[in-house]
Amino acid sequence: MQQIIPGKSVKELDAAFIKDKGITSYKLMEQAALAFCDWFVEQISPENDLAVFCGTGNNGGDGMAISRLLWERGYSVKVFIMGDPANGSKDFKLNHEVLPEAIPVQLVENVNWENWKAKVIIDGVLGVGINRPLEGAYLDLIKRLNNFPAKRIAIDMPTGLPSDEILEGEAFKAMFTVSFQFPKMALLFPEHASYTGELVIKDIGISPDYFETFEPKMYYLEKKDIPELHKSFDRFSHKGNFGKVMLIGGSYGKMGAVRMASEAALRTGSGLVSCFVPRCGIQVLQSSLPEAMVEVSEQDHYLDEYPPDNLTRYDALGVGPGMGQHSKTAIMLEELLKLYKGPMVIDADGINLLASHPHLLNMLGHNIILTPHLKEFERLAGACAHQRERVDKVAEFVEKFQCTIILKGAHSLIACPDGTLNFNSSGNAYLATGGAGDVLTGMITSFLGQGYSPKEAAFCGVYHHGLAGELAGKVNRRGTIASDIIAKIPQTYLQLGIH
Ligand SMILES: NC(=O)C1=CN([C@@H]2O[C@H](COP(=O)(O)OP(=O)(O)OC[C@H]3O[C@@H](n4cnc5c(N)ncnc54)[C@H](O)[C@@H]3O)[C@@H](O)[C@H]2O)[C@@H](O)CC1
Ligand SMILES: [K+]
C-alpha cells in the first residue's frame, strides 16, 4: 500500500531515492513533470491556452518543466513567475534555463491583469515547502486566480494549503490537484474539499520501501491493493464457507436500515443471512427480503434486553442499523458484548448507545469494528475542531480500546489496532445518502463472516462500498439512493477481477 508521509519529510525521501538510484534531482523532477503531463493531455485538449504560475522553489521547477513538456506537445503556454528567479532553487533555475525561448515568460508583478486571459491555470507557485499562511503578493495572486473564470489545476498541492494541517487563510481553489506519488494528508480533509478539487495521484517511481522508515504509519488504500486481500472460493465451496451472519437492529419506523444492511450482506456474498428485529419487523423483512431469515425480540417496537439465542451459530454479527436507543436495547448490547466472542460490526444507534453507556467501551477489542460518521465519533470521543484533530483522536481511541474504527466520510479513515491509519480512495459525493452507512455495515459483516480478518474486512468493505457508490452514481447521479449502491455490489467484484 502507498504510505502517506508528512510534507516536511518529502525532501528526505527524495534525497534517499536520488542517492540510491544514482539519478539527479533534476531527473526526478522531470519524472514528476512527465507524470503530470501524461494525465493532463488526457484531460485538456491543445486548443486551450495555458497560464502556468511558477514560484521559485521546486514546485515552480515542476511548473517550468511542465510548461516545456506541454509546449512540446503542442499547447500554447505562457509562464508567470512569482518571486525573484535569481533566488530560485537549483532545479527551478535549471528548468528556467532550458525553457524554450518561444514560451513567453513574465514576472507576476509586471502582469497587466486587464484583458488578461487563459483557459487553464496551472498552479506551480508553492507545494509542500509552504511554511506559513499566504500574505502580500502571494495572497493577492491566489485570490485573483481563484476569481478568474478558468479551469484551475494544482501541481502537487494547491498553493497555500499546508500538507498536514488545517488551512489558515486562503489557498488556490483547484478543480484538480495532481499530487506526486502519495496524497498529502491535508488533501484528504473534508474542510479542504473546495481547494483540492478532484484528487489525482501520479506515481513518480519512488517504490514503497523508501517510505518505510517514516512515521506515522499512514496509508492510502487504492484499487490495486484490494484483489490480494480477497479469499478465493472454488466450485466445491458450500454456503458454510461463505459465512453465516446476523444483522441485529431495527425499531418501529426504522426497519429499512436493517433490511438494507441484510441485503448488502447477501450481495457481498454471505451464504446465510439472519436478522434479529423487534416483532413489528417480521412482515417487512419476510416480504421484502425473502433470502433472509428472521428472528424476533419479545417487544413489538424495539429490541428488548435479551440477545438472540445461541449466538455461536453465527460467524459474524452486525449491530445497530435502525436499532433505536431504548434503555432495554442498551442492556441487550451489553449482553451481546459479554456473550459473543466472534467478530462484530457496531454502527449507528449501536455507537450512540456506546456513547451514552461509556462503561461498555471497555468491552471493545480486536474483534470489533465501529463505523461512526463524524458526529457519531464525536459523541464517543468528544468534540473536535476539525479533521486534523479528529484523526488524532481516532488514533488515540483505537490505541486505548484496541478495536478498529472506520471514520466515515469522503476518504473514510480506517484506524486499526496495529497502529496504522488508512485512508480510502474510492467513492464520491453520491454516497452521502440515507442508508449508505447501513449498506456498509452489511458489507463488512459479510466479509467478517466469510473469514476475513477485521482489517481485511474493513478494507474490502470500505473500498467495495465506495466503488459501488461510484458505479451507482454514474447512472443515477444526484438521484442515487442506498438501494442503488447495493445493486452495484456484484459489479464491484467484476471491476476488481474477483470471481
Ligand atoms: N526532488 C524534489 O524535491 C521533488 C520535488 N517536487 C516538487 O517540489 C515541491 C516542494 O518544493 P520546495 O521544497 O522547493 O518548496 P516549494 O516550492 O513548495 O516552496 C518554495 C519555498 O517557498 C517558501 N515559502 C514557504 N511558505 C511561503 C509563503 N507562505 N509565501 C511565500 N513563500 C513561502 C519557502 O522558503 C519554500 O521553501 C513539491 O511540492 C513538488 O511539487 C517534485 O518535483 C518531485 C521531486
Ligand atoms: K502548487
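These are my notebook entries on a predicted model.

**Entry: domains**

I started with the domain assignment. It gives domain 1 as 2-215 and domain 2 as 227-495. I then looked up the distance between the two centres, taken over C-alpha atoms, and found 40 Å. Next I checked the contacts across the boundary. Eight residues of domain 1 are in contact with seven residues of domain 2. On the domain 1 side, the touching residues divide into six nonpolar and two charged, with no polar ones.

**Entry: the annotated span**

I turned to the UniProt record. An unreviewed entry carries the annotation "domain: YjeF C-terminal" for residues 222-496.

**Entry: helix α7**

I picked out helix α7, residues 255-268. It has 14 residues. From first C-alpha to last, α7 reaches 20 Å, close to the 20 Å expected at 1.5 Å a residue. Is α7 largely enclosed or largely exposed? I went through the burial of its residues: 13 of the 14 are buried, so α7 is largely enclosed by the rest of the structure. I also looked at what comes after the helix. G269 follows α7, and its phi is positive, near 120°.

**Entry: ligand 1**

I moved on to the shell around ligand 1. I found 26 residues there, and G57, N58, N59, G127 and G129 come nearest. Which helices supply at least two residues each to this shell? I listed α1 (10-21), α2 (25-43) and α3 (58-72). By class, the shell residues divide into 11 nonpolar, 10 polar and five charged.

**Entry: T404**

My last stop was T404, which lies in strand β16, residues 404-407. Is T404 buried or exposed? A residue counts as buried if 20 or more other C-beta atoms lie within 10 Å of its own. T404 has 27 C-beta neighbours inside 10 Å, so it counts as buried.

I then looked for its partners, leaving aside neighbours within four places in sequence. T404 is in contact with I369, V398, I414, A415, C416, P417, P454, K455 and A458. I also took the C-alpha to C-alpha distance from T404 to N367, which is 8.1 Å. In sequence, T404 and N367 are 37 residues apart.

Terms used
Residues are numbered from 1 along each chain as its sequence is written. Chains are lettered from A and ligands numbered from 1 in the order in which they are written. This is a predicted model: local features need pLDDT of at least 70, side-chain atom pairs count only at pLDDT 80 or more; totals for chains, interfaces and linings use all residues. UniProt positions are given in the numbering used here, feature names are shortened, and annotations may be inferred rather than shown by experiment. Domain bounds come from an automatic or database domain assignment. Two residues are in contact if their C-beta atoms, placed from the backbone, lie within 7 Å. Ala, Val, Leu, Ile, Met, Phe, Trp, Tyr, Cys and Pro count as nonpolar, Asp, Glu, Lys and Arg as charged, and the others, Gly among them, as polar. Helices (H or I, at least four residues) and strands (E, at least two) are DSSP runs, numbered from the N terminus. The expected span of a helix is 1.5 Å times one less than its number of residues. A residue is buried if 20 or more other C-beta atoms lie within 10 Å of its own, exposed if 12 or fewer, and partly exposed in between; C-beta atoms are placed from the backbone. A residue is near a molecule or strand if its C-beta atom, placed from the backbone, lies within 6 Å of it.
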